[in-house]
Amino acid sequence: MGDVYIVEACRSPIGKRGKGLAGLKPADLLGAVQKGALDRSGVNPEKVDQVIGGCVSQVGEQAFNIARVAWLSQGLPLEVAATTVDSQCGSSQQATTMGASMIAAGVEEVVMSCGVEMMSRVPLGSNVKDGSPMGESYTKHYQPTSQFKGASMIAEEYQITRKETDAFGLASQQKAATAWEENRFEREIVPIEAPVMDKEFKPTGKTQVISKDEGMRATSAESLAALNLVPGQDIHTAGTSSQISDGAACVIMASEKAVKEQGLKPRAKIVATTLVGVDPVTMLKGPIPATRKVLDRAGLTLEDIDIFEVNEAFASVVLAWEKDLGIDPAKTNVNGGAIALGHPTGSTGARLITTALHELERTGGKYALIAMCCGGGLGTGTIIERLDG
Ligand SMILES: CC(C)(COP(=O)(O)OP(=O)(O)OC[C@H]1O[C@@H](n2cnc3c(N)ncnc32)[C@H](O)[C@@H]1OP(=O)(O)O)[C@@H](O)C(=O)NCCC(=O)NCCS
């Protein structure tokens, strides 16, 4: 198997529901980030063999193979093919795994993986409002449940308290605030020009450039403790759950041959990847076996990893993962996560890989491990190794 190099990774800022990015179509947001990644990397668009995108709610404005629509909307070469995949919240991390596998197998030389979700315009669940795919043959085996219920069940299993989830939510906000104060995210962000909308959500004809994440809030332990539980939840509040957001992210990968022939700069190597299945009822425990499996594949141990990016779908997901594996919280989500920054589902996997790469570059670390829980009971895992530049 050949080596797979990351030559570029970038993302849009993460927009708050109904705010700065919400006036854009998903294809335009994703297209702007695809174009931004190409421009930054110096990769000739004609040399991209395939684009693989992730998106969760593939309906309406996010239907019809959104990764392809985004690419074509930028006037990029029509000969470059694209596919959109659905591994729920892990979609764009799995898109990266699929692209890396194609390069490792020698099938393709350059693959762009990416993801988008504009939850302001295409709310979660929009693709199932006319019916559920789970019929009697499914319910014979598993009781359909929700991510909220799963997150509560995990908290119960690992004896996680409200005090712990609130402390986690506060830390996420504080770390994200520090990261922005210190301009840690600036390098990974493609500023996005978006229409300014009026109070009725109609375009004003003006545009604005959005270049900063919008989810962060001034938060204190007292304000978090005062929040009501999310309906149907036993422990989580809006301050300890991932936010509903808009965003896109993109990773460009290349083979050793492409790096040499096209004069590209390899910034990291993809060391190992995985996608595992877990109980679809508790649903969100995937990062635990995914971490074990991807470490095993890489021949590495937890001690070898400099930073972990584990998606903050809900505080209990990351706390259970830390407890189960004995992880050092000081190495985890050092710049905050989806609780503070937001979680535009289909784009978050590529966003976490992007943030991990830039954090390794900032700190001089070697290995980062990225893991996510996904609806329906999946877990994603990726290990990347920064290369000395
Ligand atoms: C949890 C969830 C239901 C909250 O939605 P919401 O109620 O619309 O959230 P809001 O942002 O309006 O916050 C609710 C309240 O909490 C407050 N709040 C939220 N975070 C806070 C914080 N960190 N500190 C203080 N107050 C906070 C808000 O100010 C708001 O108060 P208000 O009602 O007085 O205005 C929503 O974010 C959600 O569904 N998250 C999960 C998404 C998901 O399933 N993703 C995919 C799978 S993981």
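Okay, let's start with N183: with 8 C-beta neighbours inside 10 Å, N183 counts as exposed, since the cut-off for exposed is 12 or fewer. Before I go on, keep in mind that this is a predicted model.

So where is N183? It sits in the loop between helix 6 and strand 6, which covers 192–197. As background, most residues other than glycine have a negative phi.

Now put Q88 beside it. Phi of Q88 is also positive, near 55°, and again this residue is not a glycine. You'll find Q88 in the loop between strand 4 and helix 3, the helix at 91–104. Is Q88 buried or exposed? It has 22 other C-beta atoms within 10 Å, so Q88 is buried.

Just after helix 2 comes G75, with a phi of about 70°. And helix 5 is followed by Q159, where phi is positive and near 50°.

Helix 2 runs over residues 66–73, and its buried residues are I66, A67, V69, A70 and W71. What do they pack against? Helix 1 (26–41), plus strand 3 (50–54), strand 4 (81–85) and strand 5 (110–118). In helix 5, residues 147–157, the buried ones are Q147, G150, A151, S152, I154 and A155. Those pack against helix 10.

Helix 10 has another neighbour to look at, helix 9. The axes of helix 9 (residues 287–298) and helix 10 (residues 315–325) come within 9 Å and cross at roughly 45°. The two helices are therefore oblique to each other, and their crossing is right-handed. On the helix 9 side, the contact is made by P287, I288 and T291, and on the helix 10 side by V317, W321, D324 and L325. Sort that contact by class and you get five nonpolar, one polar and one charged residues.

Technical notes: Residues numbered from 1 in each chain as written. Predicted model: local features only at pLDDT ≥ 70, side-chain atom pairs only at ≥ 80, totals over all residues. Axes fitted to C-alpha atoms, helices over the stretch in contact; angles between N-to-C directions. Helix = DSSP H or I, 4+ residues; strand = E, 2+ residues; numbered from the N terminus. Parallel < 35°, antiparallel > 145°, perpendicular 65-115°, else oblique. Left-handed = near helix turned anticlockwise from the far one by under 90°. Contact = placed C-beta atoms within 7 Å. Nonpolar A, V, L, I, M, F, W, Y, C, P; charged D, E, K, R; others polar. Buried ≥ 20, exposed ≤ 12 C-beta atoms within 10 Å, placed from the backbone.
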